[in-house]
4 protein chains.
Amino acid sequence: MTLTAQARGTIAELKESVARLHSELTRNELVVWTSGNVSARVPGEDLMVIKPSGVSYDDLTPDTMVVTDLHGKLVHGELAPSSDTAAHAYVYRHLPEVGGVVHTHSTYATAWAARGEPIPCVLTMIADEFGGEIPVGPFALIGDDSIGRGIVETLRATRSPAVLMRNHGPFTVGATARDAVKAAVMVEDVARTVHIAHQLGTPVPLSGSDVDRLHARYQNVYGQR
Amino acid sequence: MTLTAQARGTIAELKESVARLHSELTRNELVVWTSGNVSARVPGEDLMVIKPSGVSYDDLTPDTMVVTDLHGKLVHGELAPSSDTAAHAYVYRHLPEVGGVVHTHSTYATAWAARGEPIPCVLTMIADEFGGEIPVGPFALIGDDSIGRGIVETLRATRSPAVLMRNHGPFTVGATARDAVKAAVMVEDVARTVHIAHQLGTPVPLSGSDVDRLHARYQNVYGQR
Amino acid sequence: MTLTAQARGTIAELKESVARLHSELTRNELVVWTSGNVSARVPGEDLMVIKPSGVSYDDLTPDTMVVTDLHGKLVHGELAPSSDTAAHAYVYRHLPEVGGVVHTHSTYATAWAARGEPIPCVLTMIADEFGGEIPVGPFALIGDDSIGRGIVETLRATRSPAVLMRNHGPFTVGATARDAVKAAVMVEDVARTVHIAHQLGTPVPLSGSDVDRLHARYQNVYGQR
Amino acid sequence: MTLTAQARGTIAELKESVARLHSELTRNELVVWTSGNVSARVPGEDLMVIKPSGVSYDDLTPDTMVVTDLHGKLVHGELAPSSDTAAHAYVYRHLPEVGGVVHTHSTYATAWAARGEPIPCVLTMIADEFGGEIPVGPFALIGDDSIGRGIVETLRATRSPAVLMRNHGPFTVGATARDAVKAAVMVEDVARTVHIAHQLGTPVPLSGSDVDRLHARYQNVYGQR
């Protein structure tokens, strides 16, 4: 595959940022050992940058990152790509607005996924970030497009950038890999808080109109313009 | 706005201390990503120093801190102020004894807030620091004075420096920003301990007179004179 | 008070080790802000070395440690001693075999204390370290000998180096300050594990004779001779 | 005992790697104080390298590691071996495919062990790593071969590299010490997630055929070839 100098520069930058973003997974205690991964789409190319399979977070450097096409075929890099590459690739093929994907087995989000229950929208923070309940995707075996298809179909039906794949764990998406990492951090945070709230009773529900107003405001006003 | 040299010096000191106090929020695991903020009143001026909106804690330096008036209007700084600025400003306008305000979505305190339940005063540490149960404030949408008014009305009715805003999270106050941060740390600590105590039964209640005696002693005797 | 050169040397060493042992309280997440303290008896003197009141763990150095007599009266040091000094002093006056005392409000141990329930001996580690259930002491107000008396009377009735003071938190003792710190770490660890075991059912009991055999072996065989 | 130069070199390498692997126990919060240990078989010799008894993780260096024979008798080193040495040795004598053994009292795994309940296989991650439920071994007193025999008999009846010894804690095995440490990390992670999933209901079961397919794929495809 022949790449322009610009594409090569973009890939070099993405390898660095994707490698570094994995440290947010460990810092926020979303992963143990090698159990989670971040990828980024290469804008303008049918390519993605993703973590190599089974490599410790301590050993991730820009050079260890691998480049695949959007069917998960290795294009560049010396290591085998993450075993979740097919799921990431499916998402990029079917959701053109997505520039980053993250997968973890973070504890509380995975606990909701194990029961197959969505996380109810009972916190202003959930309304802000997820725009409603955080949905559950189907149980799917690894090895073909089942996981990717389950992610895409579930995300298309909601405003949430996160889906809890049943008996498996959360996948999150974003315009960039950093946004997808933020969603992975937030889904675990609210999964934990709502779990704990439920342990001693039932949270007060939020009305649909309050959820809508909070979501609209947060998506348009928050942060630096 | 023309400031005296003394006011400029005070602001410079507050920017440094407010920036640094945010590291207590991360160290005590009260926040994830950018989800909490500290502010300080500028003594003798109708001004406050507060965190900029949506900036990572790693990137906070004294120079990134912003100065607003007590209606939340930007006076000094290059970044937009925290989206919670209006609530902080309302508190400073209505509670003149308050010199610092902190807002987080810390897990256990927010779980009590999600159920709309106050934290009962069943530990000597709660009597010491909060002088009774830790109260719940009303549900309020962001965007006007609703949150600030809910905080102030709830705090005025108790001895507690912390209020659990319903479906949202804790706000704490203090004579200084450091005192407000201490209250934010303590409210999460006791929210967690009392939650866990309740999971396997019911804590033994403390009598009102014991709470009063503990609170009076702690407020007058603890620490260095 | 006139001290021998040897006593002065011993005190200098204890100030250093007691200051350093506080870092085990933070490392093991037994304390927040300034909410726990370590002391050591000065062997051969009616003196103890203890943490100053309300000072951050970051700011503790050997020079900030204070020396009091065994009634809690300041003998040496520029800061006021911990507000728990009277309880530590009472323990040293009445339990001559004790060389170190630790007090924390660690989360799980304090949760058992809030309910006034002893931690049952359902783990080999509890049999090893505590020789049976970890007992609850009475509710006692700070300000006189009530807390110290409650600790001593409870400890005398068991083999445990830890007591859960009701609605308050754990106190632990040991032949040295380091041993008391170890007991503080272990009591929180087993309080957490047994709490979690109880959340989904009932632990299998250990027989009294198995507890006795485990305790006897651990006290005589473990570690380096 | 006379060793070849090659054996001496292997032992030197194992002392270094076993010392270093203990830092994974602390990093993953599987142990407190001195409450867990790692060992490695010396390939081609009836020897093992193991942690010394009662030594802090901070103080572990390659030189402090001890070498014993496969009956736990000290062969090389200045310190007494771990009090769990007999259990490790029994495993090496009876399971020739095992090259590493780890023992901890990690919180959630030990909580399942306290109730004597296996961890059900309700997550893809459990199917991948453990091939089914994680079994409970018998209650056994320290001091003879009871613990080792309980580990070996339980492991032989399953595909799991982990066993929860009743009222005690997990033991894990692997082809290398690093593999056994990975299993110790994973058993605590899934013990925690499944515990939390159970707190608010019942996880959806996985079918036996799905577990078999996931396990077969993971054992053959994951990681770098």
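User: In what order do the 8 strands of the open sheet of chain B run?

Analyst: The model is a predicted one, and in chain B it has an open sheet of 8 strands whose pairing is mixed. Two strands stand at the edges, β4 (74–76) and β6 (136–137) of chain B, each with a single partner strand, so that one side of each is left without a neighbour in the sheet. Read across the sheet of chain B, the order is β4-β3-β2-β1-β5-β8-β7-β6.

User: Which residue is the bridge partner of T68(B) in β4(B)?

Analyst: Strand β3 of chain B, which spans residues 66–69, pairs with β4(B) in the antiparallel sense, and 2 bridges join them. Within β4(B), the residue bridged to T68(B) is L74(B).

User: In chain C, which residue of β7(C) is the bridge partner of V136(C)?

Analyst: Chain C also has an open sheet, with 8 strands in the order β4-β3-β2-β1-β5-β8-β7-β6 and mixed pairing. At its edges stand β4 (74–76) and β6 (136–137) of chain C, and each has a single partner strand, so one side of each lacks a neighbour in the sheet. For β6(C), there is parallel pairing over 2 bridges with strand β7 of chain C, residues 162–165. In β7(C), the bridge partner of V136(C) is L164(C).

User: What area is buried between chain A and chain B, and what percentage do carbon and sulfur atoms give?

Analyst: The contact between these chains involves 31 residues of chain A and 33 residues of chain B. For the area buried between chain A and chain B, the computed value is about 2800 Å², and the part given by carbon and sulfur atoms is 62%.

User: Which three residues supply more than any other three of the area that chain A buries against chain B?

Analyst: The area buried between chain A and chain B is about 2800 Å². Of the area that chain A buries against chain B, 22% is supplied by three residues, more than any other three give, and these are L200(A), Y222(A) and Q224(A).

User: Which residue of chain A forms a salt bridge with D58(B)?

Analyst: Across the interface of chain A and chain B, the rule finds 9 residue pairs in polar contact and 1 salt bridge. In the salt bridge of D58(B), the closest N and O atoms are 2.7 Å apart, and the partner in chain A is R27(A).

User: Which element gives the most residues to the side of chain A that touches chain B?

Analyst: Across this interface, 9 residue pairs are in polar contact. On the side of chain A that touches chain B, the elements giving two or more residues are α1 (5–27), α4 (124–130), α6 (177–199) and α7 (208–221) of chain A. The residues of that side divide into 14 nonpolar, 8 polar and 9 charged. With 11 residues, the element that gives the most is α6(A).

User: How many residues apart are R20(B) and E16(B) in their helix?

Analyst: Over all chains, the rule counts 36 salt bridges, and one of them joins the side chains of R20(B) and E16(B), with 2.8 Å from N to O. Both residues lie in helix α1 of chain B, residues 5–27, where their spacing is about one turn of the helix, that is, 4 residues.

Methods: Residues numbered from 1 in each chain as written. Chains lettered and ligands numbered in written order. Predicted model: local features only at pLDDT ≥ 70, side-chain atom pairs only at ≥ 80, totals over all residues. Heavy atoms only, no water. Contact = heavy atoms within 4.5 Å. Buried area = accessible area lost by both parts, 1.4 Å probe. Salt bridge = Lys/Arg side-chain N within 4 Å of Asp/Glu carboxyl O. Polar contact = N/O pair within 3.5 Å; in protein donor to acceptor, adjacent residues only side chain to side chain. Nonpolar A, V, L, I, M, F, W, Y, C, P; charged D, E, K, R; others polar. Pairing = 2+ DSSP bridges.
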